[in-house]
Amino acid sequence: MAAVHVTVWDDRDGAGGGRAPGAAAAPALFIHNIFTWGSDSAYGFGGQRPLADSRRLLLMDRRGYGDSPDTARSDFDVDAEDVVEILDDGASSVGPGGAHLVAHGNGAVAALIVAARRPDLVRSLALIQPSAFTAAAHHPAVAALLDRVREGAPGLPEDITPEQYLRASTEGLGMAMPEPTPRRLRAVATSMGERPIWEAEIPLEAIQGAALPVLVICGTWDGAPAAYREHVGVPLMAVAESLTDSLGGRLLRVPGYYPHTQEPAAVNAALREFWG
């Protein structure tokens with residue numbers, strides 16, 4: 001049994017309208033970003049539930065998030081090991097050939113590592129605004145971000161609480177703050193202690209050698225608060241473009257800055273087409 005919690009959505013029995021049976025469709029495994037968990041509708045993949053009408057969806061809660069156990073420090077390498085365990089575990093019934101991976105932000109870094117280590121378990125990669133900054137370090141906007149965080153960015157104040165951090169990360173940038181429930185604040189606390197994403201080494205050559213289908217989804221960042229767009233959006237758009245080029249993938253741009261939650265219909269349609 002996997003060390004982390006996995007929510008399973010499978011609505012094929014309830015799909016009507018003469019839909020062809022979807023028993024043979026390969027499952028999709030979703031890997032979330034910070035502040036969230038797999039089935040969360042605010043920042044996770046709650047908006048992707050309609051995709052369960054044609055295949056099983058596996059929504060992983062990374063360690064320290066959702067219903068998974070606590071961790072001293074969230075780590076993308078450990079997340080990658082957990083993904084491999086889920087995909088290679090007979091109890092998850094993934095089946096031969098593995099699953100389609102859909103991953104957002106920091107979760108996409110884990111997905112890329114999995115694709116390099118165990119491409120036999122991965123049918124395709126759908127990366128939503130991947131935080132794979134080191135894979136695009138040549139881009140000026142990404143290089144500037146990496147310089148800031150590696151050399152000049154101060155650590156978090158010791159006395160800052162998860163609720164204060166959540167408020168600063170949302171209302172402090174001009175965005176709505178989700179309700180600070182215990183579940184949300186636990187996710188924020190875990191995010192505050194994550195291993196820095198700029199320590200990730202993305203094995204691009206190994207992924208290129210696997211020749212996996214790749215879809216990169218990125219927001220246009222129109223309507224985003226100016227500071228958020230400048231310091232986060234511009235580097236993320238650069239990473240999306242760079243990974244698309246490096247991996248020979250397809251780039252989909254959708255309005256806004258949280259594609260799968262702000263524009264779930266567009267993202268879901270793209271995933272259906274991508275999976276075939």
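Reader: Before we start, what should I know about the model and its numbering?

Author: The model is predicted, so local features need pLDDT of at least 70 and side-chain atom pairs count only at pLDDT 80 or more, while totals for chains, interfaces and linings use all residues. Residues are numbered from 1 along each chain as its sequence is written, and side-chain values use heavy atoms, with hydrogens and water left out.

Reader: Let's begin with pockets. How do I read one, and what volume does the largest pocket have?

Author: Rolling a probe the size of a water molecule over the atoms shows where empty space is left. Here a pocket is an open set of points on a 1 Å grid over the protein atoms alone, where a 1.4 Å probe fits, with protein on both sides within 12 Å along at least five of seven lines. Grid points are joined across faces, edges and corners, and a volume is the space filled by probe spheres set on the points. In this model the largest pocket has a volume of about 1600 Å³. Its lining (residues with an atom within 4 Å of a point) counts 44 residues, and Ile34, Phe35, Tyr165, Ser169 and Val232 are the closest to the centre.

Reader: Which elements give two or more residues to that lining?

Author: They are α3, α4 (162–169), α5 (182–192), α7 and α8 (259–262). The names come from DSSP runs numbered from the N terminus: helices are H or I with at least four residues, strands are E with at least two. Helix α7 gives the most, with 5 residues.

Reader: And how many lining residues are nonpolar, polar and charged?

Author: There are 27 nonpolar, 14 polar and 3 charged residues. In this scheme Ala, Val, Leu, Ile, Met, Phe, Trp, Tyr, Cys and Pro are nonpolar, Asp, Glu, Lys and Arg are charged, and the others, Gly among them, are polar.

Reader: On to salt bridges. How many does the structure hold?

Author: Side chains of opposite charge can pair when their charged atoms come close. The cut-off is a side-chain nitrogen of Lys or Arg within 4 Å of a carboxyl oxygen of Asp or Glu, and the structure holds 19 salt bridges. Take Asp82 and Arg63, whose side chains meet at 2.7 Å, N to O. This pair links distant parts of the chain, 19 residues apart: Asp82 is in helix α1 (residues 76–87), and Arg63 is in the loop between β3 (57–60) and α1.

Reader: Are those two partners buried or exposed?

Author: Buried means under 20% relative accessible area, exposed over 50%, and partly exposed in between (1.4 Å probe, protein chains only). Asp82 is buried because its relative accessible area is 2%, whereas Arg63, at 25%, is partly exposed.

Reader: What about Arg186, which residue does it pair with?

Author: Arg186 forms a salt bridge with Asp70, the closest N and O atoms being 2.7 Å apart. Again distant parts of the chain are linked, 116 residues apart: Arg186 sits in helix α5 and Asp70 in the loop between β3 and α1. Arg186 counts as partly exposed at 25%, and Asp70 as exposed at 64%.

Reader: Now a single residue. Where is Ser68, and what does its side chain reach?

Author: Ser68 lies in the loop between β3 and α1 and is buried, at 4%. Its side chain reaches the backbone oxygen of Asp61 at 2.5 Å. Contact means heavy atoms within 4.5 Å. Neighbours within four places in sequence aside, Ser68 is in contact with residues including Val4, His5 and Arg186.

Reader: Last one: which phi does Gln129 have?

Author: Although Gln129 is not a glycine, its phi is positive, about 40°. Gln129 lies in the loop between β5 (122–128) and α3 (140–152), and is buried at 3%. Trp221 is not a glycine either, and has a positive phi of about 70°. Trp221 is in the loop between β6 (214–219) and α7 (226–247), and is buried at 1%.

Conventions:
Polar contact = N/O pair within 3.5 Å; in protein donor to acceptor, adjacent residues only side chain to side chain.
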